[in-house]
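This briefing goes through the fold of one protein, topic by topic. Please keep the sequence and the model in view while reading.

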Amino acid sequence: MRTRLVVFTLVLAGVAGCNDGSKQGSRKQAAAAAAAVTTGGGGTTVPSSGTGAPGVDAPQVTGLAPGSGPLDGGTTVVISGSNFAKSNAGQTLVLFGNAAVAATPTSDTELQVTAPAHTQAGPVDVRVVNDLGVATRAGGFTYTPRAPSVAFVPAVGSSDLATQRGTRIRLSVKGLPPLTAAAQVDFGGTAATELTLVDAETIVAEVPFGLPPGATAITVREGGASATTQGFRVQGALTYGDLVINEVLFDPGSTDPNNDGVPSAGSNQSDEFIEIVNTTADPVDLTFVVLCDQVGTTTPNPSNPIHTFPNPTTLPPGGALVVFAGGTPLEFAARHASGHAQASTHGALNLSNSASTVETLSLEDRSVFPVVLVFRAELSTPGAGISLVNRNDGQRITSNPARAADYEQHPARPHGQGTVRHSAGTKKDGSPF
Ligand SMILES: [Ca+2]
Ligand SMILES: [Ca+2]
Ligand SMILES: [Ca+2]
């Protein structure tokens, strides 16, 4: 029996290596199968032809039902024929093209099998292989093409007045001809600003400038075919309080909130952080929002950015994103495509450790107007290792501008063997937003 199984494997390798629909290949396979059974033998029957010539016990296939199914596989197919259950090996394989799946005969004349996935629409040969031989049904099963579809991430985007560039939306396209440099993408009929071809099924498109806010269809065209998807949203202007600066750690002391194993100390202030929360019920595109800082005055300074969010950066509803001064933020759960924590694109936040220094942090939204004050807070440090945190943790701050009274010193919370007084990426008690 052991010998038989080894030989059986060789037979399958030979079948899988042949092109679909090759009659010559089929004859070679049949010969191989016959030889294999002879060699592995000990059995009483040696087929003269693996194609199931009349008068021998080799399997034969007379029909498949259904004879077609989707490219993703999963179709339950009943194969009719003969000599399915006489296999002494008790093992039968069915090949759809070159993909083999195990099958169990339900009778001598019927097999039930689940069609495997396939890459290209069209007919494939179906082969039933057991230790009596190989039966081939040329073009026995047809894979039906997928309906064209487009998936996209992120689900919201905007564009920038200053540069007229847009959020980069990654489009995964199925059911179209392979994408090429000639592919076209439009958002609600307006051509994408920039296109970057990733592969035959993936293209990155920038949201064009000047689209009205709201639901916008995305259409991809290639080779005379097109696919359209709904559900994407062009973000409108943010209003005050949609985003809050929820927590700020000016002076990390010797703590390590970015979890990179390097506690801050002295001039290493890489664990400074600013936690931003989306207080709305929708995802917010942060791509063209800029985090700014002005030291020593209560006047915000939009021209002094300390972090530029990468394109794209999306904050989920109620979600938090932490901007650290530096380091390699670890163990922040990926709650959205752009990650839960980022290190300052400017290499530092330079938050003052002095309790007497006022700093005005602001989030400036450039997506619709050059400068729209989204949030500002006049803040000063409470001391080493202690952050300032929104009294109504994660909730909208309505006073404009936000004042020191909107914040409190972070309470102690358990962490490791002791306690800490900050909570980068979580609520005050360490629970998720
Ligand atoms: Ca650190
Ligand atoms: Ca500092
Ligand atoms: Ca927090």
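Two strands are taken to pair if DSSP finds at least two bridges between them. The model described here is predicted. The protein contains 2 helices and 31 strands.

**Overall make-up**

- The protein has 433 residues, and 42% of them count as buried.
- Among contacts in the protein with a separation of 6 or more, 61% are between residues 24 or more positions apart.

**The sheet of 4 strands**

- An open sheet is built from 4 strands in the order β22-β21-β26-β27, and its pairing is antiparallel.
- The edges are taken by β22 (305-308) and β27 (373-379); each has a single partner strand, so one side of each lacks a neighbour in the sheet.
- Direction ignored, neighbouring strands of this sheet are turned against each other by 15 degrees on average.
- Cys-292 has Pro-305 of β22 standing opposite.
- Thr-360 has Glu-378 of β27 standing opposite.
- Although β27 is an edge strand, 5 of its 7 residues are buried, so β27 is largely enclosed by the rest of the structure.

**The sheet of 5 strands**

- A further open sheet is made of 5 strands in the order β10-β17-β16-β12-β13, with mixed pairing.
- Its edge strands are β10 (156-157) and β13 (190-191), each with a single partner strand, so one side of each is left without a neighbour in the sheet.
- The partner of β13 is strand β12 (residues 184-187), paired in the antiparallel sense over 2 bridges.
- Phe-187 stands opposite Thr-190 of β13.

**His-415**

- His-415 is part of strand β30 (residues 413-415).
- His-415 counts as partly exposed because 14 C-beta neighbours lie inside 10 Å, while a buried residue would need 20 or more and an exposed one 12 or fewer.
- From His-415 to Asp-429 the separation is 14 residues in sequence and 9.9 Å in space, C-alpha to C-alpha.

Notes. Residues are numbered from 1 along each chain as its sequence is written. Chains are lettered from A and ligands numbered from 1 in the order in which they are written. This is a predicted model: local features need pLDDT of at least 70, side-chain atom pairs count only at pLDDT 80 or more; totals for chains, interfaces and linings use all residues. Axes are lines fitted to C-alpha atoms, for helices over the stretch in contact, and angles run from 0 to 180 degrees between N-to-C directions. Two residues are in contact if their C-beta atoms, placed from the backbone, lie within 7 Å.
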